[in-house]
Amino acid sequence: MSTAPSRPGRERPPLLIIAVGNDSRGDDALGPRLLRELMQCEAPGLAAGEWEAIEDYQLQIEHALDLTGRRRALFIDAGSGTPAPFYFRRIEPGVNPGPGTHVLTPPALLAVYQRIERQSPPAAFVLCLRGERFDLGDDLSPAARHHLAAGLEFARGLLTDTRLAYWTSQLRD
Amino acid sequence: MSQNLETAEHPETLRRVAIDPVSRVEGHGKVTLLLDDNNVVRQARLHIVEFRGFERFIQGRPYWEVPVMVQRLCGICPVSHHLAASKAMDVIVGARRLTPTAEKIRRLMHFGQILQSHALHFYHLCSPDLLFGFDSDAARRNIVGVAALHPETARQGVLLRKFGQEVIRHTAGKRIHGTGSIPGGVNKALSAAERDALLGDVYTMIEWCRAAVALVKRLHDANPALYSSFGMCRSNFLSLVGADGGMDLYDGWLRARDDRGHVIFDQVEYRQYARHIEEEVRPWSYMKFPFLRQFGKEEGWYKVGPLARVQNCDRIPTPFAERERRELMDYAGGSPIHAVLGYHWARMIEMLHAAEWIKDLLHDPDLLGTELTVRGERAHEGVGVIEAPRGTLIHHYTVDENDIVTMCNLIVSTTNNNQAMNESIRHVARRYMHGREITEGLLNHIEVAIRAFDPCLSCATHALGRMPLRIELRDADGNLVDQLTKDVDGTVTAGS
């Protein structure tokens, strides 16, 4: 779901945020939930039209085309067994999908972009919020709610200062 | 048919190899092989270790919510669930026959899903195995490797996916969480601008699909011995066919053939599915094992999906795809193809068929109509069946007088193929793993056989950090002797 689709013939917003997850799978909803709350916030450093947000269940190969024309990409996703409340990492292309499923990891998506567009992808980061349970029909777990709150505050900071140097200074494992 | 390797006589004396979960297959599948001291396979099983609970998720909801909420069951084929549920709810609202606009919008949506799903499977999931070989370096046996050596092929795969998603977006309203199909019809027609945007690309898509069929045929021609035997599992076939026996992926009647191609039953109304299909529960898997009642569980299991559909129908109603179907049937030489790599050939024929149908529909003026829904006499029970990308998908509901769903039964495509997938890995295990060292390449043969069916095992969750692949070798006492681990970045590590 593109929440702010680009207008034909216009330059695309330089920042793309891709939130990945399924609302009906417990903590898998962390990515979309964070995105929706983020869109309700004011981001003083970022004017309307400077960013675009996409929400989807999973990353697929065609999302590589959504990266075209961007200068920055932020992937927001839930993690299982990942650091709590979240990690924030810069990612690079060239990592193989490995034993994923029908889906791509964010680094693999960058690699697909690089191969099909024959150019380097935008600077890309992953904000991964730790989830605890992913069963069908579950709501967010109590721990995930805490991670969501922490991640939201952190993400607001990223939108307030979008300089690459600032984002790089905020990396967190 | 494989000799029975489902249950060994003395499993306590055998070594255990577990592949958990299966690479590039959704959800939580696991393969276990029990080997004796001579590395002879004595038992092979594909386990589904996650309980889905789909039916419980849906019961208690208002019926009109169901076509939207079932999309959350699966992130890979949400449109198939959306349409199958809509067809069942058509019965509930008494919509015996949709308006021409509504039916054609739904068909367009469905063919968009078929196109994008088949493109994903061929270019992203199976082409690395087919283009590089099952034993090739695992580090490059993926879509990135394909993109490096075959950049135009990889690009076409991405753009075919994108086109299919655009068809879905225009007909369902959104790329995901679509609401376009509703009980009794659809809630929007296509605009002329949307139609023209799709028409601008569809002819290129058809040409790329034709090239994809040609590529698969070249692979068959290059290694006919492999393609004619790999993962062989002789079985019955099941699919919908149209009133004239032609391929119809959206609607029709059930037809089954036996392993020699003889018709078992034909033109069966799908609301009668339970009279012909029974599901067996086995203690070692959460996924049921359907079979044709008249043959029983030993002989009644069947294959669904592209290989079944292409060989079950009498014709395909689009010219390029029909020409390719005839060539496949000629290649088979009068006896059905049961080797599982044939799925890829059939899948590409269906992808071509979908692209041709999309083109025809886009030229149909009904697509821009304004009569979108019908209603009739209410019913309390509805069955909707559709040919999803992976095979026959059955949705069955009962609804009470307060519009609440009181019963839901889903038989998804992967469940229909459950026994066939198990038989296929047994064939591969017997052929490739006897007396051999266990290597990643050999184990990938097992995965190649499973992937040919394009299974989707409870696929709507995907969180980062999941899905490592672990192979455990255990002695008769259950002690861990050795293990092979494939991490999320594709790195294979031997030892603990």
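**Salt bridges and a sheet**

Tutor: Let's start inside one helix: Arg169(B) and Glu166(B) both sit in α6 (residues 151-172) of chain B, three residues apart, or about one turn of the helix. Keep in mind that this is a predicted model. Their side chains meet in a salt bridge at 2.7 Å, N to O.

Student: Is Glu166(B) buried or exposed?

Tutor: The cut-off for buried is under 20% relative accessible area. Glu166(B) has 19%, so it counts as buried, while Arg169(B), at 35%, is partly exposed.

Student: Which parts of the chain does the pair Asp251(B) and Lys87(B) link?

Tutor: First, the contact: their side chains form a salt bridge at 2.9 Å, N to O. It links distant parts of the chain, with Asp251(B) in the loop between β6 and β7 (253-257) of chain B and Lys87(B) in helix α3 (residues 78-92), 164 residues apart. Lys87(B) is buried at 5%, and Asp251(B) is partly exposed at 26%.

Student: How many salt bridges does the structure hold over all chains?

Tutor: There are 44.

Student: How many bridges join β6 to β11(B)?

Tutor: Two, and the strands run parallel. Find Phe237(B) and you'll see Lys303(B) of β11(B) opposite.

Note on methods
Residues numbered from 1 in each chain as written. Chains lettered and ligands numbered in written order. Predicted model: local features only at pLDDT ≥ 70, side-chain atom pairs only at ≥ 80, totals over all residues. Heavy atoms only, no water. Pairing = 2+ DSSP bridges. Helix = DSSP H or I, 4+ residues; strand = E, 2+ residues; numbered from the N terminus. Salt bridge = Lys/Arg side-chain N within 4 Å of Asp/Glu carboxyl O. Buried < 20%, exposed > 50% of the residue type's maximum accessible area, 1.4 Å probe, protein only.
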